Amino acid sequence: MAQIVSLAEAVRLAIRDGDAVAMEGFTHLIPFAAGHEVIRQRRRGLTLIRMTPDLIYDQLIGAGCARKLVFSWGGNPGVGSLHRFRDAVERGWPAPLELEEHSHAGMANRYVAGASGLPFAVLRGYNGTDLYRLETLDGGRSCPTIRPITCPFTGERLTAVSAIRPDVAVIHAQRADRSGNVQFWGITGVQKEAVLASRRSVVTVEEIVDTLDPRPGAVVLPAWTVSYVAHVPGGAHPSYALGYSARDNDYYVAWDAIGRDRAAFTRWLEENVYR
Amino acid sequence: MSGQVSVNPAGVTVPAYTADEMMTVSAARALRDGMTCFVGIGLPSAAANLARATHAPGLVLIYESGTIGAKPGELPLSIGDGVLAETADAVVGVPEIFNYWLQPGRIDIGFLGAAQIDKFGNINTTVIGGDYDNPKVRLPGAGGAPEIAASCREVIVVVRQTTRSFVERVDFVTSVGYGSGPGDRARLGLTGAGPKKIITDLGILEPDPVTLEFTLTGLYPGVSVAAARQRTGWDLAVAAQPEVISPPSAAELAALRSLEGVHA
């Protein structure tokens, strides 16, 4: 049953060094404040899972929290590169970063398998790509996550992708009620799947209300599927919460110069996160 | 620049435009009214929105964030800007957009960009140089592209043409075009027809009906075959009579600049 706690308490209770952590939110509702709290509490050796690493994982990677990244698209949307991510992959700064790489369809289906309690999901994809080849030729990787599979009914050759089962899911939502039932709407991404696939979860919210009024199209996560809820208005900035804030596109553009330079990034961390 | 005019070789006064504007206008013209279009961010999104603002008001734009039938009045910076959700016919989750909408082949056109592309339309957006574990340049990766390339009925690629982007062999096959030639898509079980056009800042390439090798079939005003050859990293095949593509009309340019106003 969900406990309503402070953000610092939620991160302290839910996330340990070495955990596999999925902070989800597809462009919308990205849990930036929670990510910054993880940096402040100096978690180390994390496996960071996220379809689009976005600025939030650029920041966690640059701050030295990550050992491994599981992802499908690592750019600054509409702007260019994630330079902290690139620096880690291309030059091992501040530490080398192991990669486990998929397509969006593959990642989405891996979360669905995790939420469904199944070991894998099936899709028609990957055939002919080098993502597939990386894992299947030359002995492949030590822990493969992509494998060919034959349909038992039609004989069609499809692709199996292994389930994602994070230790912790972290999401941002518009609202929770005082019992910890969570409600979010707009672009809902894979957050429901990520929470249901994870052992523990942290949800930051714009607002805590007495009762959640029903909203067509909204996703509701009942309190008994959530571990911790923290009241963090604006906790998605520079991403956004539909109905509460707009995406701060200028911030995404300005991040390019900060992320590009190690010194500028370190200064940004000191002034904006550790402060 | 919008106030400038120039005189083209035929002596007709046309508004001045950039190579990127010509490319975006050319890509927009490839879309027909009423089509469904799975849109990548950047050049593809600009072109698809331009088409909707001009000759194809009924074009259905689908973004991988789960927004179906989005109608932004200005270009979104990301595939998940609020304006996409607020103007969409439907907003669905990410597993659903890929599994229910893209995978079964419901979408007419997939509109993709590329960092590298080869003569069979295979696309790399993953790594350049070195090897996978130690790349010279780490690119963003696959995103939605592999399944867009596999499952849309047809694909259009929009990419600036240089010897760095138009390569004999891509360093990494992120999304499959025609593989190594005829028969490969069927052998791999890819249900869509594959890339039908590569639209660049010099002109248009289309696959040869027999060999499937991309062939230069159209050039923008003032661009020579020699210039296109010089900016291609393989021995470029050229149609007997490449079409000369008409320059952007004043209406097309005005619509594009109005869309781009906010992020210019």
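A strand, as the word is used here, is a DSSP run of at least two E residues, and strands are numbered from the N terminus. With that in hand, let us tour this predicted model in a few close-ups.

**View 1. Asp131(B) sits in a strand of chain B.** The strand in question is S10, which covers residues 127-131 of chain B. Is Asp131(B) buried or exposed? Asp131(B) has 10 C-beta neighbours inside 10 Å, so it counts as exposed; the cut-off for that label is 12 or fewer. Now look for Ala19(B): its C-alpha atom and that of Asp131(B) are separated by 33 Å, and the two residues are 112 apart along the chain.

**View 2. Chain A has two assigned domains.** Domain 1 is made of two stretches, 3-102 and 165-274, while domain 2 takes in 120-162. How far apart do the C-alpha centres of these domains lie? The answer is 29 Å.

**View 3. Chain A as a whole is built from helices and strands.** Counting them gives nine helices and 15 strands. The radius of gyration of chain A is 19 Å, close to the 19 Å from the globule rule for 275 residues, so chain A is as compact as a globular protein of that length. Its C-alpha trace spans about 55 × 45 × 30 Å along the principal axes. Of the 275 residues in chain A, 55% are buried. Among contacts with a separation of 6 or more, 74% join residues 24 or more positions apart.

**View 4. Helix H4 of chain A is mostly covered.** This helix runs over residues 83-91, and seven of its nine residues are buried. Among them are His83(A), Phe85(A) and Val89(A). What do the buried residues of H4(A) pack against? Within chain A, their partners include helix H3 (54-62), helix H8 (249-260) and helix H9 (262-274). Strand S11 (134-138) of chain B is a partner too.

**View 5. Chain A and chain B meet.** The contact takes 46 residues from chain A and 39 residues from chain B. On the chain A side, H4, helix H5 (104-116), helix H6 (130-136) and H8 each supply at least two residues. Which of the elements gives the most to this side of chain A? It is H5(A), with five residues. By kind, the chain A residues that touch chain B divide into 18 nonpolar, 19 polar and nine charged.

Methods:
Residues numbered from 1 in each chain as written. Chains lettered and ligands numbered in written order. Predicted model: local features only at pLDDT ≥ 70, side-chain atom pairs only at ≥ 80, totals over all residues. Domains from an automatic or database assignment. Helix = DSSP H or I, 4+ residues; strand = E, 2+ residues; numbered from the N terminus. Rg over C-alpha atoms; globule rule 2.2 N^0.38 Å. Buried ≥ 20, exposed ≤ 12 C-beta atoms within 10 Å, placed from the backbone. Contact = placed C-beta atoms within 7 Å. Nonpolar A, V, L, I, M, F, W, Y, C, P; charged D, E, K, R; others polar.
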